[in-house]
Amino acid sequence: GLERGAKNQFSTFSNFITTINQKKEGIGNRNSPTQLVIPNIKNVRDLPPICLDVRQKQRISIDTLPQELKAPIPPEPSLPIRTKTVKDFQDDVEKAKSSGDWKAVHDFYSTTFDSFLEINAAFKKDANSPFNTIEDSGINGKFVNVVYDALLNTPQDVQKSVLKGIINGLLQEWKGPRTKDDLRAYCILLQNPQFSNTSTYVIYAHLLRQIAALTEADHHFLVHWSKKISQKRFKQLVDRLLQFISLRLFPAKPEEFPPMVKCTWWIPSATKVLALFNAANSLISPSIISYTDFYNSTLDHIDLMEEYHNWQCYGNSHRFSFCQYPFIISIAAKKVIIQRDSEQQMISIARQSLVDKVSRRQKPDMNMLFLNVKVRRTHLVSDSLDELARKRADLKKKLKVTFVGEAGLDMGGLTKEWFLLLIRQIFHPDYGMFTYHKDSHCHWFSSFKCDNYSEFRLVGALMGLAVYNSITLDIRFPPCCYKKLLSPPIVPCDHNTLVGICDVTLDDLFQIMPELAHGLSELLAYEGNVEEDFYSTFQVFQEEFGVIKSYNLKPNGDKIPVTNQNRKEYVQLYVDFLLNKSIYKQFAAFYYGFHSVCASYALLLLRPEEVEILVCGSPELDMSALQRSTQYEGYQKTDLTIRYFWDVVLGFSLDLQKKLLHFATGSDRVPVGGMADLNFKISKSETSTNWLPVAHTCFNQLCLPPYKNKKELKQKLIIGISNAEGFGLE
């Protein structure tokens, strides 16, 4: 195939291109074609630069246009008549394999890919139908897949004829807007597996450039057509684009590509085309592939802060930055950007405090460089609330915690303990701020009205401080919470603007109150007479401190019956009431608390799921990685007890592994940087082997007695991790 041994087959690729151009000149100049930018070719005329839709301080996205586009549709030229079917093609390939005569297959490939018209003639489902809608691309996807699957197993002259034909199509001089046949050809050419080979990257780059430079209306069609591609092919397309970007950034053999100064448009073009696939992926629920499949880990190794500053300084210009396309930046890279941005803000605030002191001729004090929180254990919430309220100007300094009456220097352990104790107390059901839903295992905001919402602001500030100081919290909020937290991602200047309000659906309610959501979904699916059988109105009831209160979902809702015709509206208004309106003041306070600490343009880079990972860590456990990064005190990793321990832990079910992690660290989730960031330590406990293991969650430390055998260790460990709650046994 092309991917194997491609070095020899295409080592003189520029000569191959030159030969093609010489043949074209011999035939005659058709429409004065523009030449491709390829090394060793003289008198090159470059293609026009790609226009980037860069919005000031905002991520780039592909906006969904109206279903009926008003842009004029250019007339489609008549297509040649091609009658070959999938079966005919497969028969030709089988005959060629058995006889060694590839002429029929060669003729098919060279003809089909010679122009955009021929591509449409071969792969359009019906040559006489326009297929001008976003619902149907008109492409015979099965035929395209069969032709491409066979391509890499054909002789090299067949594969070269395809590349030659693609060059012919790309060199065509365009006059006026693209037709839908042109868009179909682009869509088909993008799926060519030959573009996985670096020797074809020059052609691939020009294909990507032309697609990136299409109008927004054309992009709209490509986005909707792309979402119809199978998951396997879709993933291949995304991986191919990511590989192209990675190898252009860090080429294994730089001599394979033109100098970077001559092809600065390669990466912007590929990234913008990747944005089209990301948009297509976002239009479908569930998505075709995970959003993490768009991450390019190669970007973790570039100067991310330069990218971030370019985005901040040149957001409304044509200067490219990966931050304009945050879907391609991994959560680990985003964490680095947020941390460094936080550190720079910390340093700036601390420096300003120092300058202010000196200017007033006062003696500088090291404590002024930190956010010093002093609290009493007996008044933890009230003291924390008072401290954070008084020191609002210092929230962006490095956090240091002191417990009154206790000697201890905060090297990180006291800070983590403060977070743990405070979160446990605030989220306790008896405290009344949050309601715990057992069915979904998550907390949600209490809708009870109160005079002061400052404690909700405290919880928001705590989450912000945790992100700011790289602390993982054991908080169980549903994904909807983080969506609301980024609505909007930057605090509006106008204080009358609503915050924390986002579009919510029945799926969001399922993640919090699955039983109620199930009842509402049954209402939507009910086939009988809703008005007569349910006898409901647009009025809902909630219990507050033992008193039943009623709320109208719309004006005069108590007088409007729910019917088969308006039940969708009823469900949407009810979900919006539960997740937005009934808790607006509580969540607004929470929102402002979080953003009082984390106010940064870096938040524009994040998806709601990524905010959750930054706050709570990742649920993906890799105990082998934890084993590799664990430190020991009093033990060696070769000691029998340690070997018993890891044999037992690696054999645990996922549930027990999570319990162990929660027992030792206070959370069953993993920091963004992986298990290595936990700094997990196993210490030798010089106590009797009759004792259970002990954990110091503030330091991610497990104290393990030297148990005599694996059976005893497993028994004691399971008892300890299954019954521990807080600082004692349950």
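Four strands make up an open sheet, arranged in the order E7-E8-E10-E9 with mixed pairing; strands here are DSSP runs of at least two residues, and helices (H or I) are runs of at least four, numbered from the N terminus. Two strands are taken to pair if DSSP finds at least two bridges between them. The edges of the sheet are held by strand E7 (631-633) and E9, each with a single partner strand, so one side of each is left without a neighbour in the sheet. From one strand to the next, the twist averages 25 degrees. The structure is a predicted model, in which local features need pLDDT of at least 70 and side-chain atom pairs count only at pLDDT 80 or more, while totals for chains, interfaces and linings use all residues. Residues are numbered from 1 along each chain as its sequence is written, and side-chain values use heavy atoms, with hydrogens and water left out.

Within the sheet, E9 and E10 pair in the antiparallel sense over three bridges, and His-696 stands opposite Gln-701 in E10. Helix H27 packs on the sheet and touches both E9 and E10, its direction making about 60 degrees with that of E9. Contact means heavy atoms within 4.5 Å; axes are lines fitted to C-alpha atoms, for helices over the stretch in contact, and angles run from 0 to 180 degrees between N-to-C directions.

Asp-655 is partly exposed at 47% relative accessible area, and Lys-659 is partly exposed at 32%. On this scale, buried means under 20% relative accessible area, exposed over 50%, and partly exposed in between (1.4 Å probe, protein chains only).

The loop between strand E9 (694-696) and strand E10 (701-704) holds Cys-698, which the unreviewed UniProt entry lists under "active site". UniProt positions are given in the numbering used here, with feature names shortened, and annotations may be inferred rather than shown by experiment. Cys-698 is buried, with a relative accessible area of 15%. Not counting residues up to four places away in sequence, Cys-698 touches Gly-413, Lys-416 and Glu-417.

Glu-417 has a charged partner as well: its side chain meets that of Arg-377 in a salt bridge of 2.9 Å, N to O. Arg-377 lies in the loop between strand E1 (370-375) and helix H15 (380-390) and Glu-417 in helix H16 (residues 413-426), so the pair ties together parts that are 40 residues apart in sequence. Glu-417 is buried, with a relative accessible area of 13%, whereas Arg-377 is partly exposed at 37%.

Across the whole structure, a search finds 29 salt bridges. One of them joins Lys-125 to Asp-136, with the closest N and O atoms 3.1 Å apart. Both residues lie in the loop between helix H5 (116-123) and helix H6 (141-151), so this pair ties together parts that are eleven residues apart in sequence. Lys-125 is partly exposed at 47% relative accessibility, and Asp-136 is partly exposed at 27%. Elsewhere, Lys-124, Asp-181 and Arg-184 are linked in a network of salt bridges.

Terms used
Salt bridge = Lys/Arg side-chain N within 4 Å of Asp/Glu carboxyl O.
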